[in-house]
Protein chains: 2
Amino acid sequence: MKLKTTSLICSLIFGIHLSFGQKLDKNQLDALSAEQFPIALQELREFLSIPNDAHYPDHVDKNVEFCDELFKKRGFKNVILTTGGPPLMLASRNVKNAKRTVLFYIQVDGQPVDTSKWEQESPYTPVVKMSDSQGKWKTLDWEKVKEGTEDDWRIFARSASDAKGPINMFLAAIDIIDSKHWKPNYDIKVIMDFEEELGSPHLPGAVKKYKDELKADMFVILDGPRHISNQPTLTFGARGISTITLKTFGPRVPQHSGHYGNYVPNPALTMSKLLASMKDDHGRVIIPGYYDGIEIDDKTKEILRNVPDDENAIRKKIGIAAIDKVSDNYQESIQYPSLNIRGLSSAWVGKKVRTIIPDEAIAEIDVRTVPESDPEKLIQSIKKHIETQGFHFVDEKPTEEERAKYTKLISFDYKTSYRAFRTDFNTEIGQWLYKAMKRAFDQEPVRIRIAGGSIPISPFVTTLGIPAVSVPTVNSDNNQHSPNENLRLGNFKDGIKTCLAILTERF
Amino acid sequence: MKLKTTSLICSLIFGIHLSFGQKLDKNQLDALSAEQFPIALQELREFLSIPNDAHYPDHVDKNVEFCDELFKKRGFKNVILTTGGPPLMLASRNVKNAKRTVLFYIQVDGQPVDTSKWEQESPYTPVVKMSDSQGKWKTLDWEKVKEGTEDDWRIFARSASDAKGPINMFLAAIDIIDSKHWKPNYDIKVIMDFEEELGSPHLPGAVKKYKDELKADMFVILDGPRHISNQPTLTFGARGISTITLKTFGPRVPQHSGHYGNYVPNPALTMSKLLASMKDDHGRVIIPGYYDGIEIDDKTKEILRNVPDDENAIRKKIGIAAIDKVSDNYQESIQYPSLNIRGLSSAWVGKKVRTIIPDEAIAEIDVRTVPESDPEKLIQSIKKHIETQGFHFVDEKPTEEERAKYTKLISFDYKTSYRAFRTDFNTEIGQWLYKAMKRAFDQEPVRIRIAGGSIPISPFVTTLGIPAVSVPTVNSDNNQHSPNENLRLGNFKDGIKTCLAILTERF
């Protein structure tokens, strides 16, 4: 290991393990973060200048190289983990007498860009902007930015929030503890994903292959936006996702609706009846066993209620008068698996419409799973339900024999992309992060029991068997995955503080 | 009126109204038709050589001109009826002491062509083909055709069956009676439509405008294919068609199905439930009053049962194991109005699928109406049903106020294209045509009480108030509306005989 920073040299020469960091209060953390912030912002600017669309191998290579530098110069030992696709990189930094090993997950690649839709020269040329009195974003000169910034200014570039910003927050916090010769009392591992926006297809295999290298006591995900209120947030899980494609079959080819209306059964009606049979009028799944095993105790309900969701504002923003009645509030609703029709099609609508009885109807379903519901079990309960509705399952297309024999024909294809995970509030990692956050902000963090959306980190939880919690830091209105992605500078500063509090929170 | 044929001159000079035609039996009619057939075939060949896509005004003009000649030289008096679009032409030929006036409808224009899909030089260059032992169509030299033909040979060209063929059948029958100095004891009017394949959009207005010119006691439609058994057929009506477009509304824009699955109501589910509520599991409409007024007595049921449908063969051809249970046979099923989902769409399926809750779902419906069911009443019963399902109707898109107030939002657009018509078997026209057909073929004609499909002639029935019956003559496997349209020569000959029997059937 090549030593680069004087702080590390000092701590090694003198054998002193300074560990006063954990006593820092909110004000001290604020001051240290504010001091490091301008340096971190310049490093972030440099990092964001490297294009990072994982579709392009040269983008991946340049980011791998840059990350290698970033971590090496802070005393990390880096290892490339080959995957068959873009590699993973594992950076490690140990301490003597470490009580735990904490594995941090960071994502380096970003969504593809359409430069024409960005209000700046390039998504890979970061700019800082301020909002004027009309709410319009105005670009600021970088020289002016160096003189001083305001919390509501934002840095605009691809990956500013998702998720290079959090990497620089973490590194800035490392720089702070190193400059003070403080050391965490745990070993640090950082796993870097260079293909997250492609759905991390090589991750499950790689986690199995590098099980030993990735071994840790807990798993911290430095990704995602804070709660919409922009209050400090901890997220304890994410729903999984499985998808199903259903296809019902009518006549072999579309038939004239005049000649055969009232005679040839219509596959669009068959599909409608099937979909209608899966849920009640209030959006609750009525397939037997679908919500089995989910029990939410009063204490948990209270934590869910304490999430500061303004549901009137959400409904207004989305444009709906009422919600599905799986529960009566947002946080409780997403504790249950969903069953969503994400696409539906039969023959043609609009200008292409024809007076026919269609030959088939297609429904695309997505099921968001929760830890209580094994995806395979849920999917089989849906399949069972379809069977009890009188359907005969076919492979791809019905054979002539099946057409002659069965009145209701359907094909059923499914796959599970990511599994759900959820870590208890009261686990060691949950308590440890909670304490760090409370110290950093002098207030209760918003605790999200499970996020509605799905993230591809389940292999860490399921294969490695370690509890995971997300520490989201960025503003929720960051235009993630869209043009003009940005990171609020106040969130960047708070993010440095968040990481500093975590690095100085002791076991 | 310029007299052209010697037969007409004779009958006028001598004042002789020869009227022995009605005594002709099957064999005599066969002989006369067979004799006229080769001449008629050459005239058909010439007629089919004139392109007739109503999208092109020069096509229309050339056909109007040719028809004018065709009828003039047979002693008809022709009048052009302007419509604002392609004109109608009315040809009339009167007799002294006429007991009735019979209005014949013929269609001159044909479907658009895609020459590349025809197995001949041009759809407007007719060829005669015979089927070889492998069932392949082989083109014959016209010189060989002139030497003699077989009934199973076919003439291939656009409009051979739909519907220039029937025009030449009629004209050939006129030639036969004229050559024999026979006269019908009724006045003949022939209305020629040059835009039928466009849906005759100007016909309703024109029928109103030319009410007096079109006045008649009965209306004979020389169009459409015979029953699939190719037995002589009379069709006493056609279902009407109305269409409805339904659109249900969910979130203002599509929402992430992870964030909001279980929370934001899904418009594809709402649509599925609505469509499912309209029919039972056997395809029967369960909207109150939908089938009201339809009573089929035992005698009618017998006539329906006597139609030689091979329903096992139909189901096999279409590829279905069972039929909708509106009735237990085909003919009875189409006595009822239908309610068919002809198209369905929400968000995307297949490769374009996205994990979203869609913003809207669209269903395209067609309703085939019968005389007992006023289309407006039927449509209002559907609308009423939707209302009882708790929907609020919006214009095009919901306003912000509607989004905030109502949980189930839908738009409802409809139009009635053609109305249904049906003439009783026992009317004068029904009996008269039945007798003519029975004499011509020495067997009961297949009597279709109502055809499932819709034709744009309802203005004649509703505006003029005259009973109508179709006399279909062409083979049902004629590739109507498709490439390689054809007319079986045996059907052409039988068609001449059919027209001859009608022209010689007296009141």
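## A walk across the interface

Start by selecting A:Lys273 and B:Asp281: these two form a salt bridge, with their closest N and O atoms 3.7 Å apart. Before you go further, keep in mind that what you're looking at is a predicted model. How many salt bridges are there between chain A and chain B? The count is 2.

Now for other links between the chains. Across the interface of chain A and chain B, 44 residue pairs are in polar contact, both partners having pLDDT 80 or more.

To see who faces whom, pick A:Ser346, and opposite it you'll find B:Leu344 in E13(B). While you have strands in view, here's a handy bit of background: in a regular strand the side chains alternate between the two faces of the sheet.

**Zooming out to the whole interface**

Now select every residue of one chain that touches the other: 75 residues of chain A are in contact with 75 residues of chain B. Which residues of chain A lose the most area to chain B? Click on A:Asn262, A:Tyr263 and A:Arg342, which together make up 15% of what that side buries.

**Chain A by itself**

Chain A has 16 helices and 21 strands. Its C-alpha trace spans about 90 × 50 × 45 Å along the principal axes. The radius of gyration of chain A is 26 Å, which agrees with the value near 23 Å that a compact globule of 507 residues would have.

**A hairpin in chain B**

Bring chain B back and select strands E4 (residues 127-131) and E5 (residues 137-140), which run antiparallel and are joined by 4 bridges. Look for B:Lys129, which stands opposite B:Thr139 in E5(B). E4(B) and E5(B) form a hairpin with 5 residues between them, and B:Gly135 in the turn has a positive phi of about 80 degrees.

Most residues other than glycine have a negative phi, and most peptide bonds are trans. So what's the phi of B:Asn97? It is near 55 degrees, a positive value in a residue other than glycine. You'll find B:Asn97 in the loop between strand E2 (88-93) and strand E3 (100-107) of chain B.

Last stop: the peptide bond from A:Asp162 to A:Ala163, which is cis with omega near 5 degrees. A:Ala163 sits in helix H5 (residues 160-179) of chain A. Then jump to chain B, where the bond from B:Asp162 to B:Ala163 is cis, with omega near 10 degrees, and B:Ala163 belongs to helix H5 (residues 160-179) of chain B.

How values were computed. Residues numbered from 1 in each chain as written. Chains lettered and ligands numbered in written order. Predicted model: local features only at pLDDT ≥ 70, side-chain atom pairs only at ≥ 80, totals over all residues. Heavy atoms only, no water. Contact = heavy atoms within 4.5 Å. Buried area = accessible area lost by both parts, 1.4 Å probe. Salt bridge = Lys/Arg side-chain N within 4 Å of Asp/Glu carboxyl O. Polar contact = N/O pair within 3.5 Å; in protein donor to acceptor, adjacent residues only side chain to side chain. Pairing = 2+ DSSP bridges. Helix = DSSP H or I, 4+ residues; strand = E, 2+ residues; numbered from the N terminus. Rg over C-alpha atoms; globule rule 2.2 N^0.38 Å.
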